[in-house]
Amino acid sequence: MLTLNVIGLGYIGLPTALMFAKNGIKVIGTDYNSEIIESLKKGELFFQEDGLEELFDEACLNGIEFSKEYVKADTYILAVPTPYIEESKKLDPQYVISAVKSVLDVCDKGSSIIIESTVSPGTIDKHIRPEIEKRGYTIGIDVHLIHAPERIIPGNMIYELVHNSRTIGSDSLEVGERIKKLYSSFCKSEILLTNIRSAEMSKVIENTYRDVNIAFANELAKICRADDIDVYEIIRIANKHPRVNILQPGPGVGGHCISVDPWFLVGDYPDLTNLILTARKINDSMPEHVLGRVRNIMRENNIRDISKVGLYGLSYKENVDDTRESPTLQLLERLDEHLAFGVKVYDPLVVEPIVENQLMNFEDFVNEVEIIVIMVGHDHIKENINLIKEKLILDTKNISAIKSAYKL
Ligand code: SAJ
């Protein structure tokens with residue numbers, strides 16, 4: 001029976017490992033963080049996601065194992081972080097490189113290494129192939145190399161794992177077909193085969209496409225604000241055109257994908273990425289735009305005390321507890337730079353305090369502030385909108401039907 005070692009049990013690696021196990025593959029999940037391994041061994045999950053608990057139970061019944069160590073396996077899936085270097089905007093491949101090295105330390109000849117982590121175009125040629133060749137291995141004979149970027153969206157991961165189409169990049173069709181068969185154990189959608197460089201590029205382009213389109217909606221929001229036009233009305237009307245599909249403006253773009261991947265292209269092709277860079281800047285400017293709106297609302301209502309302002313939502317988007325690169329964190333950073341301290345924060349899904357003045361109880365939060373800025377459209381606020389209707393509201397996500405609410 002095929003053995004699969006999934007390396008990196010984060011937001012992508014864990015659901016993927018569980019899904020393979022549920023579908024009859026022998027899986028060992030590995031992470032260098034012993035807390036994660038201990039918690040999984042005890043049967044405890046460390047992040048929330050629709051359907052994840054059920055999937056975990058099914059995978060455990062099928063004998064999934066967790067280990068801090070890399071193990072001997074036929075196939076390895078690497079789902080480790082690929083951050084970008086702040087100054088150069090280029091991808092930092094250190095985690096992928098070190099994971100590949102650790103795999104090479106344990107694997108038998110003939111094993112396959114699948115990189116699921118997002119990497120910028122050319123990373124595998126530049127950084128991964130040399131690591132393998134250094135060991136005297138011939139790629140395609142001693143070790144097979146595959147890039148199979150993920151596409152699942154936090155909040156709907158389990159469904160999308162099964163139903164989204166996938167891309168598999170490999171050096172040979174034969175290896176591609178074999179890996180396609182492996183993913184077909186759970187993926188019910190089309191699986192396209194291509195080469196590794198195209199798989200790298202298409203992944204980064206997908207997220208960049210979304211970033212650019214969100215930037216368009218955000219710029220529109222600013223234009224409409226300047227002229228006091230309702231941007232949502234404009235988008236609703238424009239989207240009736242059969243070839244127009246404008247996304248929704250918001251307080252910024254967060255998460256570890258859309259706000260990060262376009263930088264790989266900007267870092268690698270600085271002279272060719274005018275549109276992409278501008279889009280990034282527009283999206284990054286949105287927290288500042290929200291601050292401008294808050295300042296106006298405070299002035300208009302004669303509120304001088306910043307501690308009367310409450311930010312609702314800390315995660316990067318609705319109904320997830322992931323706060324990476326979240327617009328609220330970006331906004332708090334801006335406030336900090338302006339030496340404005342004391343703004344209150346609340347998020348029903350972020351149960352550990354991670355910022356100053358984060359309240360843990362919704363009622364306390366509502367009682368302590370006069371202005372509530374809806375930064376994230378969690379179901380929780382939609383269900384409790386009545387409890388805040390007496391407050392001044394800045395609804396950056398356009399989720400409330402309250403007439404008096406201020407908009408972006
Ligand atoms: N956002 C807007 N307006 C919109 C849509 C989104 O402001 O109309 C904001 C969200 O609030 C959030 C950010 O953009 O802050 C990103 O959210 P998202 O839901 O668009 O995407 P992610 O980052 O959760 O997941 C993306 C997905 N990529 C694409 O849709 C092209 C997902 O399929 C990828 O797997 C994931 O990135 C990844 O890991 O690369």
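Helices here are DSSP runs of H or I with at least four residues, strands are E runs of at least two, and both are numbered from the N terminus. Keep in mind that this is a predicted model, where local features need pLDDT of at least 70 and side-chain atom pairs count only at pLDDT 80 or more, while totals for chains, interfaces and linings use all residues. Residues are numbered from 1 along each chain as its sequence is written, and side-chain values use heavy atoms, leaving out hydrogens and water.

- From α4, Val-96, Ile-97, Val-100, Lys-101 and Leu-104 make the contact (heavy atoms within 4.5 Å) with His-127, Ile-128, Glu-131 and Ile-132 of α5.

**The eight-stranded sheet**
- This open sheet has mixed pairing and runs β3-β2-β1-β4-β5-β6-β7-β8; two strands pair if DSSP finds at least two bridges between them.
- β3 (65-67) and β8 (191-194) are the edge strands, each pairing on one side only.
- β7 (residues 166-170) and β8 run parallel, joined by four bridges, and Gly-169 sits opposite Thr-194 in β8.

**The five-stranded sheet**
- Its order is β10-β9-β11-β12-β13, open and with parallel pairing.
- At the edges, β10 (344-346) and β13 (406-407) each pair on one side only.
- Three bridges link β9 (residues 309-312) to β10 in the parallel sense, with Gly-310 opposite Lys-344 in β10.
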